[in-house]
Amino acid sequence: MQAQDVMTTKVTTIEAGATVREAARRMLERRVSALPVVDDRGRVIGIVSEGDLVRRIELGTEAARSWWLRMFAEDGARDYIRTHGAAVADVMTQPAIGVRRATPLHEVARLMEKHRVKRLPVLEAGRLVGIVSRADLVRRIATAPAKASRRMKGDRALRKAVLEEIKRARVDATYANVTVEGGT
């Protein structure tokens with residue numbers, strides 16, 4: 001399966017110059033947890049998510065640092081802008097990590113884990129054509145037809161099947177052992 005098989009194609013975006021308040025309202029109105037941020041040519045330059053809006057001066061939730069840590073922190077100015085900035089450009093996560101329509105789902109999942117993100121814009125020639133979120137992947141699991149599993153005849157057959165899967169995955173199993181008892 002590929003990104004295009006699970007992606008959401010009707011994507012709400014926001015401009016970098018929009019206000020944080022506009023972004024929050026748009027997320028609530030559209031019932032989404034993030035918005036791709038686009039420049040004046042429609043190219044994705046970042047993403048603003050609920051996570052980007054959690055630590056805000058309006059909420060009184062900005063991270064408090066001790067005076068001595070603020071003196072030495074290299075990212076102190078950046079933190080201040082993220083918590084006090086009025087524009088989406090001030091708080092968005094950038095750059096946005098994107099994928100193509102044909103990106104295999106295993107690669108989509110790997111990128112989400114590697115970059116610790118919950119969604120990836122789907123881009124073609126630099127243009128946004130969709131977005132894949134963790135919810136899209138979970139939805140696919142819930143709606144996929146059940147695969148017929150091989151019926152195991154005893155613990156030996158199950159152990160053999162697991163060892164075959166390990167070999168097929170090309171994992172170094174030099175020090176691995178599989179023990180099966182009572183079907184577990």
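Modeller: A residue is buried when its relative accessible area is under 20%, exposed when it is over 50%, and partly exposed in between (1.4 Å probe, protein chains only). This is a predicted model, in which local features need pLDDT of at least 70, side-chain atom pairs count only at pLDDT 80 or more, and totals for chains, interfaces and linings use all residues. Residues are numbered from 1 along each chain as its sequence is written, and side-chain values use heavy atoms, with hydrogens and water left out.

Colleague: What percentage of the residues in the chain is buried?

Modeller: The chain has 184 residues. Of these, the buried share is 27%.

Colleague: In which order do the strands of the open sheet stand?

Modeller: Helices (H or I, at least four residues) and strands (E, at least two) are DSSP runs, numbered from the N terminus. The chain has eight helices and five strands. Two strands pair if DSSP finds at least two bridges between them, and β1 (14-15) and β3 (44-49) are edge strands, each pairing on one side only. Three strands form this open sheet with mixed pairing, in the order β1-β2-β3.

Colleague: Which residue in β3 is the bridge partner of Val37?

Modeller: Strand β2 covers residues 34-38 and runs antiparallel to β3, with five bridges joining the two. In β3, the partner of Val37 is Gly46.

Colleague: Which elements do the buried residues of α6 pack against?

Modeller: Helix α6 spans residues 105-115, and Leu105, Val108, Leu111 and Met112 are buried there. They lie on the same side of α6, because they cover an arc of only 120° around the axis (taken from the directions from the helix axis to the C-beta atoms). On the other side, His106, Glu113 and Lys114 are exposed. The buried residues of α6 pack against β4 (119-124), β5 (127-133) and α7.

Colleague: Which residues is Asp136 in contact with, leaving aside its neighbours within four places in sequence?

Modeller: Asp136 lies in helix α7, residues 134-143. Contact means heavy atoms within 4.5 Å. With those neighbours left aside, Asp136 is in contact with Val6, Met7, Thr8 and Ile131.
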